[in-house]
Amino acid sequence: MKKIAVLTSGGDAPGMNACVRAVVRTANHFNIGVIGVRRGYQGMIENDLFPMTPSDVSNIIQRGGTVLKTARSKDFMSVEGREKAMQNLRNAGVEGLVVIGGDGSFKGALTLHKEFGLPVVGTPGTIDNDLFGTEATIGYDTAINTVVQAVDKIRDTANSHNRLFFVEVMGRDAGFIALRSGIACGAEAVLVPETETYTEALMDKLQRGWNREKSSAIIIVAEGDDSGGAEVLAKMVKERFPHFDTRVSILGHMQRGGSPSAYDRVLASELGAGAVKALLEGKTNVMIGRMHGQVVEVPFEKAVKHHRDINKNLLELVYWLSE
Ligand code: ATP
């Protein structure tokens with residue numbers, strides 16, 4: 001293998017740049033050329049390719065977002081689109097591909113391999129932490145820290161006014177961000193998509209807090225929670241307890257941005273290097289993850305299908321520690 005390509009795809013995540021840097025510099029160490037693909041699969045179809053040298057990735061390890069840009073590509077869902085993409089890779093002499101992205105991006109890579117035989121390896125770049133086979137995805141740690149910083153600030157104002165805040169965080173299908181940040185912020189309750197939300201139990205809890213003259217309360221709600229989200233819940237609570245001073249804060253896209261944490265930079269560096277090594281060893285259709293401190297290879301089929309279960313012990317901990 002003399003030349004590989006690298007792209008970032010799906011939602012951006014802090015640490016993607018550190019991963020791109022690791023891919024380019026590890027490949028250089030092994031005398032392999034790297035082609036950067038801008039805007040994910042869409043850029044691959046539109047031939048937005050360029051050679052990358054080690055100096056092209058200097059001064060990006062600390063930057064959020066992705067210097068390669070990212071996109072969601074409808075065209076890549078069709079075989080015609082993928083044929084075009086593959087032809088562009090062939091013309092550029094690409095013999096292997098590193099995809100930094102989430103489960104959709106890995107499905108795309110797998111399809112490309114099945115149709116054209118191109119060796120493909122992935123690294124988990126998503127703030128959601130919803131991939132099986134790795135203890136963390138690139139961007140997850142930074143996103144949690146961003147949420148914690150925001151909620152700490154909300155807590156200051158909530159306390160000053162004796163307010164109840166519903167804070168909505170990212171997580172359409174997974175409650176990992178909500179759960180970890182909820183514990184770190186001392187939230188009164190955490191609502192996640194993986195479990196049924198009992199609004200009556202929540203009302204009881206809020207009533208108990210009121211009786212104890214608690215000065216503030218923070219409820220963290222993952223956006224995919226079955227209650228319908230922070231706005232719906234806040235309305236419901238206001239109807240039941242008109243005397244509560246209730247507010248909603250939806251954190252939104254700020255959770256994706258910012259300089260990656262040290263943890264994410266190290267993880268991204270290890271996984272990016274692991275991806276290049278895997279391609280050189282003839283591996284394909286695997287995600288490079290980290291488990292128990294070791295870099296591991298996880299078949300794409302497992303990584304995307306076996307969504308990790310939420311940690312029930314941590315959910316219980318929220319309950320214990322907030323009474
Ligand atoms: P995130 O977790 O941040 O959403 P993701 O990688 O899951 O990231 P998606 O939008 O699901 O994001 O996927 C990225 C791109 O991968 C899609 O826009 C599409 O081009 C391609 N893709 C997804 N699923 C498939 C598939 N089954 N076949 C071919 N291509 C796919």
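Analyst: We'll go from the whole chain down to a few single residues.

User: What kind of model is it, predicted or experimental?
Analyst: This is a predicted model.

User: OK. How many helices and strands are in the chain?
Analyst: The protein chain has eleven helices and eleven strands.

User: What radius of gyration does the chain have, and what would a compact globule have?
Analyst: The chain has 22 Å. A compact globule with 323 residues would be near 20 Å, so the two agree.

User: And what box do the C-alpha atoms fill?
Analyst: Roughly 70 × 35 × 35 Å, taken along the principal axes.

User: How much of the chain is buried?
Analyst: Buried residues are 54% of the 323. The accessible surface is about 14200 Å². Carbon and sulfur atoms hold 50% of that surface.

User: Which domains does the assignment give?
Analyst: Domain 1 covers 3–139 + 260–305, and domain 2 covers 142–256. Their centres are separated by 35 Å, taken over C-alpha atoms.

User: How many residues of each domain are in contact with the other?
Analyst: Twelve residues of domain 1 contact eight residues of domain 2.

User: Let's zoom in. Where is Ala109?
Analyst: Ala109 sits in helix H4, residues 103–116.

User: Is Ala109 buried or exposed, and why?
Analyst: Ala109 counts as buried because its relative accessibility is 0%. The cut-off for buried is under 20%.

User: Which residues does Ala109 touch?
Analyst: Leaving out residues up to four places away in sequence, Ala109 touches Tyr41, Val99, Val120 and Phe300.

User: How does Ala71 lie relative to Ala109?
Analyst: Ala71 and Ala109 are 38 residues apart along the chain. Their C-alpha atoms are separated by 14 Å.

User: Now Met254. Where is that one?
Analyst: Met254 lies in the loop between strand E9 (246–250) and helix H9 (262–280). Met254 is partly exposed, with a relative accessible area of 43%.

User: What does Met254 touch?
Analyst: Thr146 and Ala150, not counting residues up to four places away in sequence.

User: And how far is Met254 from Met77?
Analyst: From C-alpha to C-alpha, Met254 and Met77 are 29 Å apart. In sequence they are 177 residues apart.

User: New topic: helix H6. How many of its ten residues are buried?
Analyst: Seven of the ten are buried, so H6 (residues 176–185) is mostly covered. Among the buried ones are Phe176, Leu179 and Cys185.

User: What covers those buried residues of H6?
Analyst: The cover includes helices H5 and H11. It also includes strands E6, E7 and E8.

User: What comes after H6?
Analyst: Gly186 follows H6, and its phi is positive, near 65°.

User: Which residues other than glycine have a positive phi?
Analyst: Arg39 is one of them, with phi of about 60°. Asn47 is another, with phi near 60°.

User: Where do those two sit?
Analyst: Arg39 is in the loop between strand E2 and helix H2. Asn47 is in the loop between H2 and strand E3.

User: How accessible are they?
Analyst: Arg39 counts as partly exposed at 27% relative accessibility. Asn47 also counts as partly exposed, at 44%.

Note on methods:
Residues are numbered from 1 along each chain as its sequence is written. This is a predicted model: local features need pLDDT of at least 70, side-chain atom pairs count only at pLDDT 80 or more; totals for chains, interfaces and linings use all residues. Side-chain values use heavy atoms; hydrogens and water are left out. Helices (H or I, at least four residues) and strands (E, at least two) are DSSP runs, numbered from the N terminus. The radius of gyration is taken over C-alpha atoms; the globule rule is 2.2 Å times the number of residues to the power 0.38. Buried means under 20% relative accessible area, exposed over 50%, partly exposed in between (1.4 Å probe, protein chains only). Accessible areas come from the Shrake-Rupley method with a 1.4 Å probe; for residues, only the protein chains shown count as cover. Contact means heavy atoms within 4.5 Å. Domain bounds come from an automatic or database domain assignment.
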